[in-house]
Amino acid sequence: MKIRIISELDDKEMLEAISNILREMYELDVDVEKVEKILDYRCFNSRRNQYDAWKLIQMYSGERGEGEYLLLIVKEDIYASGFNYIFGLAWQGVAVISTYRLRQEFYGLEPDRKIFIERSMKEAVHEVGHLHNLTHCKDKRCVMAFSSWIGDTDYKSWEMCQNCRSKLRVMQRSRF
Ligand SMILES: [Zn+2]
Ligand SMILES: [Zn+2]
């Protein structure tokens with residue numbers, strides 16, 4: 001298995017930070033592809049002015065090559081039904097994260113590169129964890145904890161608790 005990242009953002013520092021943490025955590029090769037646009041009218045909901053993450057994942061499920069996990073990184077706001085917004089979503093080998101709500105500017109604060117990159121790393125590790133069949137963790141410091149708002153993302157680390165880590169090891173052993 002490997003991880004293929006497709007990104008709308010041309011942010012070398014962020015993409016490198018994400019690639020490195022994913023490579024280290026999941027012990028997989030990581031490729032990065034930059035594209036002009038991932039999101040389009042097919043997954044846009046004009047009533048909500050947001051993109052439907054489920055539709056997006058379905059659109060890209062055919063793009064996934066054999067033996068790879070696909071991680072999409074998008075700029076615009078995404079949602080899933082039942083939620084006002086989401087930071088990311090993963091389903092059957094394809095995951096998406098949105099950087100829309102990861103910047104301090106979104107909350108009316110001064111830009112902060114370090115915080116932005118840390119948040120992006122956590123959301124990427126979290127969604128790729130779901131691709132490894134990990135579920136949400138009750139340990140709020142664990143990267144697999146659910147983020148209902150940015151405060152949850154900031155509170156959690158980009159590491160897994162013992163419990164999630166041992167589940168991941170089992171998954172990794174059964175991967176081959
Ligand atoms: Zn999750
Ligand atoms: Zn955990």
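How many bridges join strand β4 to β6, and do the strands run parallel or antiparallel? The views below take this up in a predicted model.

**View 1. The whole fold in outline.** The protein has 5 helices and 8 strands. Along the principal axes, the C-alpha atoms fill a box of roughly 45 × 35 × 35 Å. The radius of gyration is 15 Å; a compact globule of 176 residues would have one near 16 Å, so the two agree.

**View 2. Burial and contacts.** Of the 176 residues, 36% count as buried. Take the contacts with a separation of 6 or more: residues 24 or more positions apart account for 59% of them.

**View 3. The open sheet of β3, β4 and β6.** 3 strands form this sheet, in the order β3-β4-β6. The pairing is mixed. β3 (44-45) and β6 (78-79) stand at the edges. Each has a single partner strand, so one side of each is left without a neighbour in the sheet.

**View 4. Where β4 meets β6.** Here is the reply to the opening question: 2 bridges join strand β4 (residues 50-52) to β6, and the two run parallel. Tyrosine 51 stands opposite isoleucine 78 in β6.

**View 5. Helix α2 on the sheet.** Helix α2 covers residues 53-61 and packs on the sheet. Which strands does α2 touch? The helix touches β4 and β6. The direction of α2 makes about 50° with that of β4.

Definitions and conventions. Residues numbered from 1 in each chain as written. Chains lettered and ligands numbered in written order. Predicted model: local features only at pLDDT ≥ 70, side-chain atom pairs only at ≥ 80, totals over all residues. Helix = DSSP H or I, 4+ residues; strand = E, 2+ residues; numbered from the N terminus. Rg over C-alpha atoms; globule rule 2.2 N^0.38 Å. Buried ≥ 20, exposed ≤ 12 C-beta atoms within 10 Å, placed from the backbone. Contact = placed C-beta atoms within 7 Å. Pairing = 2+ DSSP bridges. Axes fitted to C-alpha atoms, helices over the stretch in contact; angles between N-to-C directions.
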